[in-house]
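Here's a quick tour of the rings and the nonpolar packing in this one. Have the viewer open as you read.

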Amino acid sequence: MSQLSERPDSAVVGQTVRHESAALHVTGRALYTDDLHPRTKDVLHAWPVQAPHAHARVTDLRAQPAYAVPGVVRVLTAQDVPGLNDAGTKHDEPLFPSEVCFHGHAVCWVLAETLEAARRGALAVEVDYEPLPSVITLVEAIEAGSFQGAQPTVARGDARVGLERSSHVFHGEVEMAGQEHFYLETQAALAVVEDDGRLFVQSSTQHPSETQEIVAQVLGVHNHEVTVQCLRMGGGFGGKEMQPHGYAAIAALGARLTGRPVRLRLNRTQDLTMSGKRHGFHARWRVGFDDDGHLQALEATLTSDGGWSLDLSEPVLARALCHVDNNYFIPDIRVTGRVARTHKTSQTAFRGFGGPQGMLVIEDILGRCAPLLGIEAHELRRRNFYEDGQSTPYGQVITQAERLHRAWDQVAADADLDGRRSAISQFNATHEHVKRAVAMTPVKFGISFNLTAFNQAGALVHVYKDGSVLVNHGGTEMGQGLHTKMLQVAATALGVPLANVRLAPTRTDKVPNTSATAASSGADLNGGAVKDACEQIRGRLALVAAQRLGVPAPDVRFLDGVVTGLGTDESLAWADLVHSAYFARTQLFSAGYYRTEGLHWDSTVMRGSPFKYFAHGVAATEVEVDGFTGAHRTLRVDIVHDVGDSLSPLVDIGQIEGAFVQGAGWLTLEDLRWDTSDGEHRGRLATASASTYKLPSFSEMPEVLNVSLLARAHEEGAVYGSKAVGEPPLMLAFAVREALRQACAAFGPQGTSVDLASPATPEAVFWALEGARSGHDRDGDVEPCEGPTPPEADQASPQRLPESEAALHHLSGA
């Protein structure tokens, strides 16, 4: 067992403790970025001037009328930028654009004494536009050939040859919607100029170091002249990995020009209309099976909706391509990806980072093809599971296949799926207008950043003379419990009670060059760095203790604030040892560092082993569907998830539950709609409030939700044997969508294959079950076939359907 993963007896990690800020959260005492401005003197407030066109050229901008509004202090425009007028890392996101690229794009910002004065000043700014042609939907982008960035391919073997040898070949397409992050705390920043001209920026950001870099880039200064701090975030989900940088830069620019603190906080409508979302995807595919239902070949093209700029669209697409296989071995495969450029917000990271979209493709294929093959969907999935020694399409060897098998069997047994399937069959036979179904789906999700360089972290740990401990690390807290886990890691590594340790806010002048808290890697990376720093300190203290106890330093033990030695009955209190160490001039602070070993990835050929390990999980979901309306209920969910040896079980179970519900929201409720008409509001986000964008609530929660952590799951080579938990459970929600598909099929004859839109809203479910009732999917397009689909089928335009069925793309046989 490695030193990194070895867990001592009576460790603080693994204990069930509450979130470190839980009391602050529930009492309202937790401070967030926008809570700081009332404590700051002479703050100016920022408000954007938003364009009313999806695509237009700015021909004139007259800021002078805004100065006639009482309270307006400054209007920020492109002419005010001393550095680079860009808010991104690809240099394709002008902070003050001369060409607006989405409805609501900010062309300038007004600073005023009050928020209301800033709003009125923004209304007074006069802007002339020359409207330009716009591309709004993915279908429009594909037809127009509107793409941006790289177009990578993941391939193994020869997919066309594999299709030719397959006994059953099908082709089809699927389109899946994006998703709004809808974090409780909107984008926010507060910038203050220090006495020597340095900028101190408080930002609600998952990536303080990159926020620092972009602010410095815009101001034309070096990074060391900008300090960024993130107290905590009221949710992030990936939406604060790249998107906060521009808002922080606006606040910093305003502070630099006026000499006064500047507060920028988007209201909910602004946040919805200006910030990026989960990428919508379109996929066209051909798949082949043998007579036993084993996958033989897959050929697919995935197109993501990147919006107006690249942002993180390229790595999102790369991860989607690396997760098309989910947990299924496909001998011959070729999957190509491309990023569409549309005139919408720049879509960005969202929990799963492309993984959910890639996995949905193969889960949709299996769900649609299972009835045509005459095989139960759960059995078709099980037959195609990876085995140890097989490799993914990009070349990473599978080493923990048995974990998924164990989780699958445990869910089947604990949830009594055989008995419930029989009961559901009886229920459906006696209920004409209400049907039930239970579905089971797996998850295999790779953990690490695809870009190898990001897989590193730092920490700074102080031990004070009284024995108290202060931890700084590069990760940010957005409610996910990272700080809680880091406290437990530090307490375990030092051998002190949890109460001895406190965490400081994340700051770029304490831990530099940090990676984003993303890719589910926060605990792995920062935990490794915190542990390293603590072990350096403990090693020095062991030398002091050895002298006091009369034993060799390797025989010194630290446990729960008591220091002992092997072979002696003497002991020292932790605080006494620290006090002695100070007077012995022993260093009581250390910088820790961690880098993930064993990774290699060549993005030019999409080959290598980009992931430290895979996180696994299995979910079984039972649903009930109303045949008159398509309304549906989730009756029961059973989950077994692999988190290794959990660092903090209560936190992990909360993450699994939350991720599952968020995934179910994406797949069944949350329906982003843009105005696609040719009228004056073309490109406007129609779902720009909580009243029009439906989020999961208590009424959508399953009546029974059972979550278990997979036993005997120690992860060698990870901090204290744990595994990541942030993103993988979101994809457990595929079980909800697949159960809805099977319930819709129950309205039709045996063997009906159902094409279900995503999100599977009640309307979409209604049209799907209507298709099953009429036999639409059974007769005609969904017959199994011999041989491959003709090549020209790949070039067919996406199917045009009535508006009420616009998201339904029907499966076709070759």
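## Around Phe-289

Leaving aside neighbours within four places in sequence, which residues is Phe-289 in contact with? In this predicted model, the list runs to Ser-166, Ser-167, His-168, Phe-170, His-294, Leu-295, Gln-296, Leu-366, Cys-369, Leu-373 and Leu-380.

## The nonpolar cores

Phe-289 also turns up in the largest nonpolar core, a set of 109 residues. Along with Trp-285, Val-287, Leu-298 and Leu-302, Phe-289 touches the most other members. The top contributor to this core is helix α9 (residues 355–373), which puts in 10 residues.

There's a second, separate core too, with 52 residues. Val-12, Val-13, Val-463 and Ala-546 are among them.

## Ring pairs

Searching the whole structure turns up 14 aromatic pairs. One of them joins Phe-766 and Trp-767 edge-to-face, with 5.6 Å centre to centre and 70 degrees between the planes. Trp-767 counts as partly exposed because its relative accessibility is 29%.

Elsewhere, ring pairs tie Tyr-394, Trp-601, Phe-611 and Phe-614 into a cluster.

## Charges over rings

Over at Trp-674, the charged end of Lys-344 sits over the ring, 4.5 Å from its centre.

## A ring in a loop

Phe-698 belongs to the loop between α16 (649–668) and β30 (704–709). Is Phe-698 buried or exposed? Its relative accessibility is 80%, so Phe-698 counts as exposed. Tyr-613 is 85 residues away from Phe-698 along the chain, and their C-alpha atoms are separated by 34 Å.

Methods
Residues numbered from 1 in each chain as written. Predicted model: local features only at pLDDT ≥ 70, side-chain atom pairs only at ≥ 80, totals over all residues. Heavy atoms only, no water. Phe/Tyr/Trp six-rings, centres within 6.5 Å; stacked < 30°, edge-to-face > 60°. Buried < 20%, exposed > 50% of the residue type's maximum accessible area, 1.4 Å probe, protein only. Lys NZ or Arg CZ within 6 Å of the ring centre and 35° of its normal. Helix = DSSP H or I, 4+ residues; strand = E, 2+ residues; numbered from the N terminus. Core = buried A, V, L, I, M, F, W, Y, C linked by side-chain atoms within 4.5 Å. Contact = heavy atoms within 4.5 Å.
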